Amino acid sequence: MPKHLSLPAAFHTGRYALRAGLGSIGRVQVLLFLGGSGGLPPTETTFAKKLQEQGYTTGLVGKWHLGVNCEHRGDHCHHPNTHGFSYFYGLPFTLFNDCNPGEGTDVLADLKNLLWRLTLMVALALLSLVCVRVLGLLEVSVSFIVAVTCLSLLAFSVWFIPFHFLRTWNCIIMRNQEVVEQPMVLDTLPQRLLGEAQGFIERNADRPFLLFLSLAHVHTPLFNSPGFAGKSRHGLYGDNVEEVDYMIGRMTETVDRLGLANNTMMYFTSDHGGFIEDRDHRGQKGGWNGIYKGGKAMGGWEGGIRVPGIFRWPGRLPAGRVVDTPTSLMDLYPTLTHLAGSTHSHRLLDGYNLMPVLEGRTDRSQHEFMFHYCGAYLNAVRWHPPGSESVYKVHFFTPNFSPPGAGGCYKTKLCFCDGHHVTHHNPPLIYDLYTDPSESRNLTSDTEPRYQEVLQQTARAVELHRATFTRAQPDMPHPLLEPAPNQLSWEKILWRPWLQPCCGTFPFCGCKENVSSTLA
């Protein structure tokens, strides 16, 4: 079943991330500091919250990356516990290069280098000022030199502390609202996540439960687990895939051992395609997207949004069924709430219940149109016409690959969504994914009989879609709130010491979890 990329916010809420203020209009496309104030707004409702209201015990083990605090350390306004998860163990942030010593940094590295050069220039200027005074070439008061030095040290601290100690600030493990490891140790992380996930199921085997296991694999930076190092013929990435396979196998065994298989739906998927620009002297680190063009963070290209979706439910879903209709990760919210008997959301949902498709009662999902964003910008639209096997994809703009002729943005290490980083197309590029899944043959009025119809239908769909981001009109079926404030503005993402989760006394944060007791 092809699944198409939604940010974590869209996955949890069943709504496009832009509705939650999590669509970027600049270079920063994700939260960069755990000590920032951005995240999933408290006004949003997750599928965990809806199932919690229906009596389910809900748990999240693994990555969150939707914020923690808003105004002060400990308010936990964005925390998983606040958003419907009764139990949380794992990474409140995500896995960045800074979390794996020796991998360098991927958080505003160019800005850090610029600030470092400016600091050196200021230091050189101060040293020259002192030398001029000592040599008597210029009358400069000592108090002036001291004042400038203090201001320079303050300015240096403002940027150096958040950047230099990124591993301490961002790479932590929490159990519910308590920091249990800071910085985290990666070697034993997969075993701990697996143990926590199995323990959650065992503790709740006699009651309705929801578990979201969000693995650290195969997100870069890739890291070695002692039991899987060198196990694959495909290097470190292959080792990571082998460990994922092992962990999912253990989770399946746990469900079966407890006699829960026939009334437990299991769902395995990914949130985006391979990160093809992430490579070093050892080769490709971020996976491979096969015949599909592009990769992670490239807006609408299939390589970044077409991911596996595998369901297992022996008591309800026939084994071996293959579904090739377009679906979305946003469909999980309405699917789960339907199964739990929850009432419909009072908010507009962008996903649809998948059970009719999964059970074979229909061959098509309810998604006639799907909208693919690059940050806050509508990048592409997918149209699956009724009664047709064709699935048309219309690209309004595409990222400029670099160097020219490459298959990704290797010079900038990541594709951006605006300005000189993209090329706008008028008329848009059009592909039929049914006959051309690699998006290599742009359709024209000479090659596609429905060319004008595709342009007209998608233009109308875009108009209606954009209208849903405004206040509700009398004839609209769902009331809408005002759009959420931008959660990815500089004001929201930059580090604030009073928001930083910490074990110990801030700023002397540091602790290590007792791994032996965790894995027991």
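**Reading the cysteine pairs**

Modeller: Cys409 and Cys415 form a disulfide, with their sulfur atoms 2.0 Å apart, a disulfide being a pair of cysteine sulfur atoms within 2.5 Å. This is a predicted model, in which local features need pLDDT of at least 70 and side-chain atom pairs count only at pLDDT 80 or more, while totals for chains, interfaces and linings use all residues. Residues are numbered from 1 along each chain as its sequence is written, and side-chain values use heavy atoms, with hydrogens and water left out.

Colleague: Which hand does the link of Cys409 and Cys415 have, and is Cys409 buried or exposed?

Modeller: The link of Cys409 and Cys415 is right-handed, with 95 degrees about the S-S bond. Buried means under 20% relative accessible area, exposed over 50%, and partly exposed in between (1.4 Å probe, protein chains only); Cys409 therefore counts as buried at 2%, and Cys415 is buried at 1%.

Colleague: How many disulfides does the structure hold?

Modeller: The structure holds six, and one of them joins Cys374 to Cys417, with an S to S distance of 2.0 Å. The torsion about the S-S bond of Cys374 and Cys417 is about -75 degrees, so this disulfide is left-handed. Cys374 and Cys417 are both buried.
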